[in-house]
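Have the sequence and the coordinates open as you read.

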Amino acid sequence: MPGRSRTTGVFAYGAAAGLAVDLLVGDPRRGHPVAAFGRAAAAVENRLHHDHRGWGALHTAVCAGTTVALGALAARAVRDRPAAAVALTAASVWAVVGGTTLGREARAIGGALAAGDLDVARERLPHLCGRDPHSLDGPAMARAVVESVAENTSDAVVGALFWGAVAGVPGLLGFRAVNTLDAMVGHKSPRHRRFGWASARLDDVAGWPGARLTAALATVAGGDPRGALKAWRADAARHPSPNAGPVEASFAGALGVRLGGTLSYGGRVEHRPVLNGEGRPVEVADIDRAVRLSRRVTGLTLAVCVGGRLIASALKRRNA
């Protein structure tokens with residue numbers, strides 16, 4: 001029983017410290033652990049690639065499974081040293097979350113749009129999302145930024161913290177590995193249509209709880225809880241992504257804006273349903289509002305995850 005309380009404390013202190021480091025320094029410009037994982041996953045892909053779902057599933061298992069195993073070995077090595085365990089958790093949280101860099105990139109694009117410098121905004125937009133910036137005008141870029149802030153709040157922060165609360169360091173690293181693999185091979189390009197199927201489906205499963213938690217906390221933390229809940233319930237299922245739908249819809253309702261519509265990825269045009277159709281068009285100032293909402297959701301996520309672990313520990317003690 002003391003061990004259960006200790007592991008909860010390790011997660012609480014480690015996660016808080018990791019988020020603090022992210023807030024202070026953001027992502028490193030060079031040598032980011034996620035970038036290193038991406039290079040390793042690309043090397044494995046070059047060895048295993050075949051236009052077949054089975055080979056793609058093997059690629060996913062090798063890359064994500066190795067990451068989880070390394071996380072488990074590291075956690076096991078420090079399990080009897082609380083200070084080291086806290087440090088490992090903090091380092092893992094800092095490595096896998098990206099809330100501060102997300103906000104910085106979004107605000108940089110917002111600043112360029114506010115100054116009327118569309119060329120700079122188009123140059124920076126690929127740092128945030130995969131859309132074709134040359135097909136977007138100023139309002140469309142502002143909308144793309146708000147949508148990316150919403151979706152990446154779930155992918156880059158909330159989902160990771162959720163799985164960290166459930167499974168510790170292996171959960172943190174495993175979630176980021178799965179999410180990164182989806183970004184690398186989960187899209188429907190000719191090369192990855194079959195090979196990336198397993199990564200995309202696994203990311204849908206891993207991201208499901210974090211997306212719903214993000215939507216719920218955005219509803220609570222936003223300026224219009226009733227509007228956020230209404231948009232979530234009415235429009236989330238219309239989005240082609242089972243996880244981006246609830247997140248973007250709740251952010252749209254909370255901010256009182258309209259998201260979705262026509263967009264372009266690498267020359268491929270998609271016509272997505274409008275989310276929160278009663279809202280107004282996105283304005284440049286809404287980018288900063290979305291970033292501030294993202295930060296409130298991050299703080300609430302930490303509180304919910306720590307609280308959830310405390311409740312789980314108390315229930316285990318009662319049933320022991």
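Which residues does Phe-37 touch, not counting residues up to four places away in sequence? The answer is Cys-63, Thr-67, Ala-177, Thr-180 and Leu-181. Keep in mind throughout that this is a predicted model.

Phe-37 belongs to helix H2, which covers residues 33–48. Its relative accessibility is 15%, so Phe-37 counts as buried, the cut-off being under 20%.

Phe-37 and Gly-223 are separated by 186 residues in sequence, and their C-alpha atoms are 38 Å apart in space.

## The overall picture

Zooming out, the protein has 11 helices and 2 strands. Read from the N terminus, the order is α-α-α-α-α-α-α-α-α-α-β-β-α. The radius of gyration is 20 Å, close to the 20 Å that the globule rule gives for 320 residues, so the protein is as compact as a globular protein of that length. Along the principal axes, the C-alpha atoms fill a box of roughly 55 × 45 × 35 Å.

How much of the protein is buried? Buried residues account for 48% of the 320. The accessible surface is about 15,100 Å², and carbon and sulfur atoms contribute 60% of that. As for contacts with a separation of 6 or more, 70% of them link residues 24 or more positions apart.

## H9 against H10

Now for some helix packing. Helix H9 spans residues 225–235. The axes of H9 and H10 come within 7 Å and cross at roughly 145 degrees, and the crossing is right-handed.

From H9, the residues involved are Gly-227, Ala-228, Ala-231, Trp-232 and Asp-235. They meet Pro-246, Ala-249, Ser-250, Gly-253 and Ala-254 of H10. Sorted by class, this contact of H9 with H10 has 6 nonpolar, 3 polar and 1 charged residues.

## H10 against H11

H10 (residues 244–255) also meets H11 (residues 285–319). Here the axes come within 11 Å and cross at roughly 115 degrees. The crossing of H10 and H11 is right-handed.

Which residues make this contact? H10 supplies Phe-251, Ala-254 and Leu-255, while H11 supplies Arg-289, Ala-290, Leu-293 and Ser-294. By class, that is 5 nonpolar, 1 polar and 1 charged residues. Ala-254 is worth a click, being part of the contact with H9 and also of the contact with H11.

## Gly-245 in H10

Staying in H10, look at Gly-245. Is Gly-245 buried or exposed? Its relative accessibility is 0%, so Gly-245 counts as buried. Leaving aside neighbours within four places in sequence, Gly-245 is in contact with Ala-236 and His-239.

Ala-74 is another story: Gly-245 and Ala-74 are 171 residues apart in sequence and 35 Å apart in space, C-alpha to C-alpha.

Most residues other than glycine have a negative phi. Asn-276 has a positive one, near 60 degrees. Where does Asn-276 lie? It sits in the loop between strand E2 (268–271) and H11. With 12% relative accessibility, Asn-276 counts as buried.

Ala-90 is part of helix H4, residues 82–96. At 13% relative accessibility, Ala-90 counts as buried. Not counting residues up to four places away in sequence, Ala-90 touches Gly-14, Ala-17 and Gly-18. Tyr-13 is 77 residues from Ala-90 in sequence, yet the C-alpha atoms of Ala-90 and Tyr-13 are 7.8 Å apart.

Asp-119 is found in helix H6, residues 118–124. How accessible is Asp-119, and what does it count as? Its relative accessibility is 58%, which means that Asp-119 counts as exposed, the cut-off being over 50%. Asp-119 and Leu-102 are 17 residues apart in sequence, and their C-alpha atoms are 20 Å apart in space.

Key. Residues numbered from 1 in each chain as written. Predicted model: local features only at pLDDT ≥ 70, side-chain atom pairs only at ≥ 80, totals over all residues. Heavy atoms only, no water. Axes fitted to C-alpha atoms, helices over the stretch in contact; angles between N-to-C directions. Helix = DSSP H or I, 4+ residues; strand = E, 2+ residues; numbered from the N terminus. Left-handed = near helix turned anticlockwise from the far one by under 90°. Contact = heavy atoms within 4.5 Å. Nonpolar A, V, L, I, M, F, W, Y, C, P; charged D, E, K, R; others polar. Rg over C-alpha atoms; globule rule 2.2 N^0.38 Å. Buried < 20%, exposed > 50% of the residue type's maximum accessible area, 1.4 Å probe, protein only. Areas by Shrake-Rupley, 256 points an atom, 1.4 Å probe, with all protein chains shown as cover.
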